[in-house]
Amino acid sequence: MEVGFGTADITPEKGEPTSLFIEHPLEEAVTPLLLKVCYLRDEEQATVIVTLDTTSLYTQVIEDLCRTIAGATGIPHSCIIVQSTHTHSSPFLHPAAQEVLGRRGVRFLSSTYYARVLQGAEEAAREALRTLSIVDVFYSSGMAKQVASNRRVRLADGSIEVRWSRGVSDELRSSPEGIIDPVVSCIWFKNSLGQIMGSLIHYACHATTYNNYLKAHWDFPGYAASEVEHQLGGTCMFLQGCAGNISPGKYTVGEPQEDCLRMAHEIAIAALDSYPTAQRLGVQSLSLVSGEVSTTLRILPNIDELNRLLDQEVAKYQEALSAGKSFDNNDFMSIAARLVLLERYPDKNMPSKVFVLGVGELPLVFLPGEIFIETSLQLQFEFPDTRPIVMAYTDASLEYVPIASAFAEQGGYETSEDWCFSVPGNAEVLTAYAAELIRKGMS
Ligand SMILES: [Zn+2]
């Protein structure tokens, strides 16, 4: 098998629009934001994995990235997997929502920045192609402590309260960690001299430890990857897991930067300590199966009401702007995202793409949306021998994809109409489909 890596800097410039909010020009880039490309191939299969330090990715930006990378590498569009680390301290790359808001004179995404991201993808893809080397693949895993916690905390009356990422109350902080997956899974690529050409490390937790909408910050995933690179060499790519209901909130006890470095170190150490015991995979080849499954959108309220609400929000924003006041509200981003989906899928049936990349005997599952950790645990339970590694955050159009039982609970954020465009049952549809692809691809 051969692997090559490429990295591009996609840090916005000072003053460029950033984040989910409007009118938030970037004040400072605390760290770079990166786009990384991992190009894998054997005699029969070539695949590219792309990760971006950005909040979320949507259909249009994924199509633009795939077209760019396909052009640069000759790899078919269908073999390119694009994922975001979900760091919230970054520009919001949603060109279709920008179009909806642009019709109302509101801008949150710079076209210069967008073009720079695509150019970065092209450069990183070319670098990955150029650096392809023959490797052996190894796997190891470790455990990270005191990073992830479940953010749906059940109160005494049975209702759910959100344990956000920062500024958590003592009551919520002292509540149990809840269901998480503490495992850091690592895939190591070594050349014939035993040198590490690159690695993939996987962990599931919202990258919102830093969580500052006026700064660019790669959050703990960026620092964890950089520590692994520094210690062992090669390019390390962080793959975000099913963190829909997982936040760092229980353990953000210090300053944002301090918390970020501590959590990153915890994940990096879990990876680095496991490295000496890494097992060479018995099968050294690649397989890729993918397909689309029908998922159903839940868009509330109706289209006329959404347009009315959007006009109202935009008027409030313009009023604040002319009065020289700040406007700390991102409601219209959610409304614009819903209008995009209704324009594209008026019957509310949206195809969702799932990939299963077999690296040796290891299935790497890539799911769309913000998936709950239970989905990942369910797939691990169903395939105890193949140890599937489950990623989310490819196309985020569905936004939160809670498991069906979460919809029956009172309270919580992930099932609210603002950022959950998914009906109860979609998580189970995606789980069953991923299981089918694992059986097909890994047999
Ligand atoms: Zn999220």
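Select Leu261 to begin, a residue that lies in helix 6, where helices (H or I, at least four residues) and strands (E, at least two) are DSSP runs numbered from the N terminus. The model on screen is predicted, so local features need pLDDT of at least 70 and side-chain atom pairs count only at pLDDT 80 or more, while totals for chains, interfaces and linings use all residues. Residues are numbered from 1 along each chain as its sequence is written.

**Around Leu261**

**Helix 5 against helix 6**

Next select residues 219-232, which are helix 5, together with residues 256-274, which are helix 6; their axes come within 8 Å and cross at roughly 45°. Axes here are lines fitted to C-alpha atoms, for helices over the stretch in contact, and angles run from 0 to 180 degrees between N-to-C directions. The two helices are therefore oblique to each other, a term for angles that are not under 35 degrees (roughly parallel), over 145 (roughly antiparallel) or 65 to 115 (roughly perpendicular). Among the residues that make the contact are Phe220, Tyr223 and Val228 of helix 5 and Leu261, Met263 and Ile267 of helix 6, where two residues are in contact if their C-beta atoms, placed from the backbone, lie within 7 Å.

Now move to an open sheet of five strands, whose order is 5-4-3-1-6 and whose pairing is mixed; two strands pair if DSSP finds at least two bridges between them. Strand 5 (80-84) and strand 6 (133-134) stand at the edges, each with a single partner strand, so one side of each has no neighbour in the sheet.

Select residues 34-41 and 46-52 to see strand 3 and strand 4, which run antiparallel and are joined by seven bridges. These two strands form a hairpin with four residues between them, and within the pairing Cys38 has Ile49 as its bridge partner, while Tyr39 has Val48. Strand 4 is mostly covered, with seven of its seven residues buried: Ala46, Val48, Val50 and Leu52 point one way, and Thr47, Ile49 and Thr51 point the other way. Strand 4 also pairs with strand 5, here in the parallel sense over five bridges, and Leu52 has Ser84 as its bridge partner there.

**Strand 18 and its partners**

For the last stop, select residues 349-359, which are strand 18; eight of its eleven residues are buried, so strand 18 is largely enclosed by the rest of the structure. Strand 17 (residues 286-296) pairs with strand 18 in the antiparallel sense over eleven bridges, and Leu288 has Leu357 as its bridge partner. Strand 19 (residues 362-366) also pairs with strand 18 in the antiparallel sense, over five bridges, with Phe355 opposite Phe366. Finish on Gly360, which takes a positive phi near 60° in the hairpin of strand 18 and strand 19, where two residues lie between the strands.

Notes: Buried ≥ 20, exposed ≤ 12 C-beta atoms within 10 Å, placed from the backbone.
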